[in-house]
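Visitor: Could you walk me through this structure and its ligand?

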Amino acid sequence: MSGPDPQDWRRWVVYQIYPRSFADSDGNGVGDLRGILAHVDYLHELGVDVVWLSPVFRSPMDDNGYDISDYQDVDPLFGTLADLDELIAELHARGMKLVLDLVVNHTSDEHPWFIQSRSSRDNPRRDWYWWRDKPTNWESHFFGPAWTRDDTTGQYYLHLFSAKQPDLNWENPEVRQAVYAMMRWWLDRGVDGFRMDVINMISKDTSLPETRPRPGSAYGPAGQYFTSGPRNHEFLQEMYREVFAGRDAHVLTVGEMPGVTIRDAVLFTDPARHELDMVFQFQHVQLDIGANKFDLLPLKLPDLKAAMADWQHGLAGRGWNSLYFGNHDQPRSVSRFGDDSPAHRVASAKTLATVLHLHRGTPYVYQGDELGMANSPFTALADFRDIETLSFYAGAEARGDVDLPALLLAMARMSRDQARTPVQWDASPGAGFTTGTPWLAINPDHTQVNAAVEVGDPGSVFEHYRRLIALRHQDPVVTDGDFELLLPDHPTIWAFLRRTAGAELLVAANFSAEVTALRLPLAASQAGDWAAAPVVLTSLTGETPLQPPPDLKLRPWESVVWRRARS
Ligand code: GLC
């Protein structure tokens, strides 16, 4: 039997670097490319195949680089183009790939395209952005109006995010060609793919209708007028033809798509349609969110299992899933979905990873998750830096309609800053991240939670991630197997089967701090002799499961993976 094809992109594991918070080489408190270069061996040791780098391009940093003023240069804060070339070379030398963040729904207002566009009503680039005499009542993702008046010409421009992130007008073919040319330039330079920022917002309803305002507000969300809009598929197919078709190596593509439906995701990721490899959907990271992201709802495990299973079934055999519990926009996954108390942090971080990576799709490891990094104990407004969080607080304060101490507690749980605290390399005062003052406070738990103590310790979260990633590379069932959820209604056990013609994995995970006994509902055709099947992975390193399947007894946050051959 020949092993899995390592060049098949479906077997790859992606690691996300948020450069500002990864490693600082020059002591200014902000991470940079030379900091990343100092840790490429760490990434190689972890075993990941691909690095997705959040934006390092020239930017006024209104949204930490998601506001780009030059797509073809590196911001001096992060280094130089030569540093980026070196990073590509060093990753390639170790068999890894580099995916860049492509932020083309909008530019910075300091991008030359926008500077020209705003300069006069008849500038040739005027139509590269959305200009109108009258604004609509759309609310921006960072709260407040999505239109801002520009004094130069007295017209308003559209920005779905901050006023410093004007939306490009993808209806204009020159805009699209300029974006494609930039993408080709990066691929020719050695880049291996793109993570596409809010790429399901590029096609708007061009009539720009009024939306329903929120109660008590003049503005309201207008997602129905720009989410997976009328020309979205057409634009991505054109991008494929213009940029990706005919290249020697596979170009890895993942589209970030807030609000995407399964039905649309099938179309976006069906290989026959030549659009994208996969999308980031948001269903499972919205289950604990009410009217806004600081309105927290209790999370029920059956809902989380169902959200993930819906996508497994919805895309099976047609599209392809991306798998994530965290990224630079979400709080730390161990604090949100696991248990970050000292007794259970390690086991729950491993269990979360096991469950995620053994679903079908491409797993994304967000920097620090492989160390089990948790949310920081933020308490004061001064602890936060993120534009989304601070805008929401400012709005609430101005309106006077929110209990501010309660809001601060919710911010401490959900703010994007929780993902962005510096990576914890060691126990020193700067956590090995910086010799200076970090731009965002380091989590005080770095004295215990850090790479120096974890790498090489068989019981660590890091070593568990290594084993999990290695399992994917060795065993085709992890990539290829179909998915069947067991016990969908069980309040604390997450169990499922993965199956190819030749092999089967059984995953059972306890999402609670209680010892839990149960009998797995394995159909006679599946039951077979699981009792004799070997354990291929466990979250309680060195411990033997208390019971073999189908009668299980799982310790707190214990997860176990069994494998057997099928004949
Ligand atoms: C995406 C990014 C987020 C950014 C926004 C605007 O959602 O992940 O960090 O603020 O787009 O570019």
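Visitor: How far from an oxygen atom of the ligand does a polar side-chain atom of Asp329 lie?

Guide: Happy to start there! This is a predicted model, in which local features need pLDDT of at least 70 and side-chain atom pairs count only at pLDDT 80 or more, while totals for chains, interfaces and linings use all residues. Residues are numbered from 1 along each chain as its sequence is written, and side-chain values use heavy atoms, with hydrogens and water left out. For Asp329, the distance to the ligand oxygen is 2.5 Å.

Visitor: How much of the ligand does the protein bury?

Guide: Accessible areas come from the Shrake-Rupley method with a 1.4 Å probe, and for residues only the protein chains shown count as cover. Taken alone, the ligand exposes 310 Å². The share buried by the protein is 96%.

Visitor: Which side chain has an N or O atom 3.0 Å from an oxygen atom of the ligand?

Guide: Glu256 also places a polar side-chain atom by a ligand oxygen, at 2.9 Å. The one at 3.0 Å belongs to Arg195.

Visitor: How many charged residues are in the shell around the ligand?

Guide: Here Asp, Glu, Lys and Arg count as charged, Ala, Val, Leu, Ile, Met, Phe, Trp, Tyr, Cys and Pro as nonpolar, and the others, Gly among them, as polar. The shell has 4 nonpolar and 3 polar residues. The charged ones number 7.

Terms used. Polar contact = N/O pair within 3.5 Å; in protein donor to acceptor, adjacent residues only side chain to side chain.
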